[in-house]
Amino acid sequence: MKYGKPGIESILRWRWQPHGCDLPRFDAAAFLRLVRGKSMAFVGDSVARNHMQSLMCLLAEVEHPREIEPKDCVHCTRKYHYREHDFTVCVFWTPFLVRWNLTRTGGQQFMDPHNVYLDEPDPEWSRDV
């Protein structure tokens with residue numbers, strides 16, 4: 001838009017609609033009624049965090065959450081509580097869904113080889129779920 005791309009109006013108003021399926025628009029108030037008294041967790045990397053943030057943007061038309069134990073890091077577990085609906089949403093950051101560690105002491109997290117234990121969930125998130 002900043003540089004005058006032609007046809008931008010049609011892009012802004014475009015909505016995805018699968019063939020033969022009439023999906024209703026997301027109803028934030030109805031969603032919050034359904035999840036009253038519950039918790040929801042997103043587990044993963046930045047994609048999981050983006051999914052949680054997208055949900056929170058949709059829910060913002062009804063209520064804004066309070067962050068539980070605010071943190072200044074990007075790769076942290078973050079929890080938010082919607083007080084009026086007693087609903088908690090959180091994201092557990094982990095590069096793998098399973099337990100992992102570096103193969104050598106002093107290695108840099110994503111530059112060195114890893115041991116990955118496919119039959120064990122990552123305790124960084126599994127102990128809190």
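Visitor: Is H85 buried or exposed here?
Guide: In this model, which is a predicted one, H85 is buried, because its relative accessible area is 9% and the cut-off for buried is under 20%.

Visitor: Okay, and where is H85 found?
Guide: H85 sits in the loop between β3 and β4, and D86 is found in the loop between β3 and β4 as well.

Visitor: Which residues is H85 in contact with, leaving aside its neighbours within four places in sequence?
Guide: With those neighbours set aside, H85 is in contact with L32, R33, R36, G37, V62 and E63.

Visitor: You mentioned D86, so is that one buried, exposed or partly exposed?
Guide: D86 counts as partly exposed, because its relative accessible area is 44%, a value that falls between the limits of 20% for buried and 50% for exposed.

Visitor: What about H81, where is its place?
Guide: H81 has its place in strand β3, and with a relative accessible area of 17% it is buried.

Visitor: Which side chain does the side chain of H81 make a polar contact with?
Guide: The partner is the side chain of T88, and the polar contact between the two side chains is 2.9 Å.

Visitor: Changing topic, how many residues does the largest nonpolar core have?
Guide: That core has 15 residues, and the ones with the most contacts inside it are F42, M52, L59, Y82, F87 and V89. At least two of its residues come from each of α2 (28–34), α3 (46–59), β3 (78–82) and β4 (87–93).

Visitor: And which element gives the most to this core?
Guide: It is α3 that gives the most, with five residues.

Visitor: Can we zoom in on L59, and what is it in contact with?
Guide: Apart from its neighbours within four places in sequence, L59 is in contact with F26, A28, F31, L32, Y82 and F87. Two of these, Y82 and F87, are also named among the residues with the most contacts inside the core.

Visitor: Where is the place of A60?
Guide: A60 is placed in the loop between α3 and β2 (66–68), and it counts as partly exposed, with a relative accessibility of 26%. From C-alpha to C-alpha, A60 and D27 are 11 Å apart in space, while in sequence they are 33 residues apart.

Visitor: Now pockets, what volume does the largest pocket have?
Guide: The largest pocket has a volume of about 250 Å³, and it is lined by R15, W16, Q17, L23, P24, R25, F26, L58 and E61. Sorted by class, its lining has five nonpolar, one polar and three charged residues.

Visitor: And the second largest pocket, how many residues line that?
Guide: There are 12 lining residues, of which W93, T94, W100, D122 and E124 are the closest to the centre of that pocket. The space in the second largest pocket is about 200 Å³, and its lining has four nonpolar, four polar and four charged residues.

Visitor: Last one, is R15 buried or exposed?
Guide: R15 is exposed, with a relative accessible area of 53%, and it lies in the loop between α1 (8–12) and α2. The C-alpha atoms of R15 and D122 are separated by 37 Å, and along the chain these two residues are 107 residues apart.

Definitions and conventions: Residues numbered from 1 in each chain as written. Predicted model: local features only at pLDDT ≥ 70, side-chain atom pairs only at ≥ 80, totals over all residues. Heavy atoms only, no water. 1 Å grid on protein atoms, 1.4 Å probe; cavity = no way out; pocket = protein on both sides within 12 Å on 5 of 7 lines; lining within 4 Å. Points joined across faces, edges and corners; volume = space filled by probe spheres on them. Nonpolar A, V, L, I, M, F, W, Y, C, P; charged D, E, K, R; others polar. Core = buried A, V, L, I, M, F, W, Y, C linked by side-chain atoms within 4.5 Å. Buried < 20%, exposed > 50% of the residue type's maximum accessible area, 1.4 Å probe, protein only. Helix = DSSP H or I, 4+ residues; strand = E, 2+ residues; numbered from the N terminus. Contact = heavy atoms within 4.5 Å. Polar contact = N/O pair within 3.5 Å; in protein donor to acceptor, adjacent residues only side chain to side chain.
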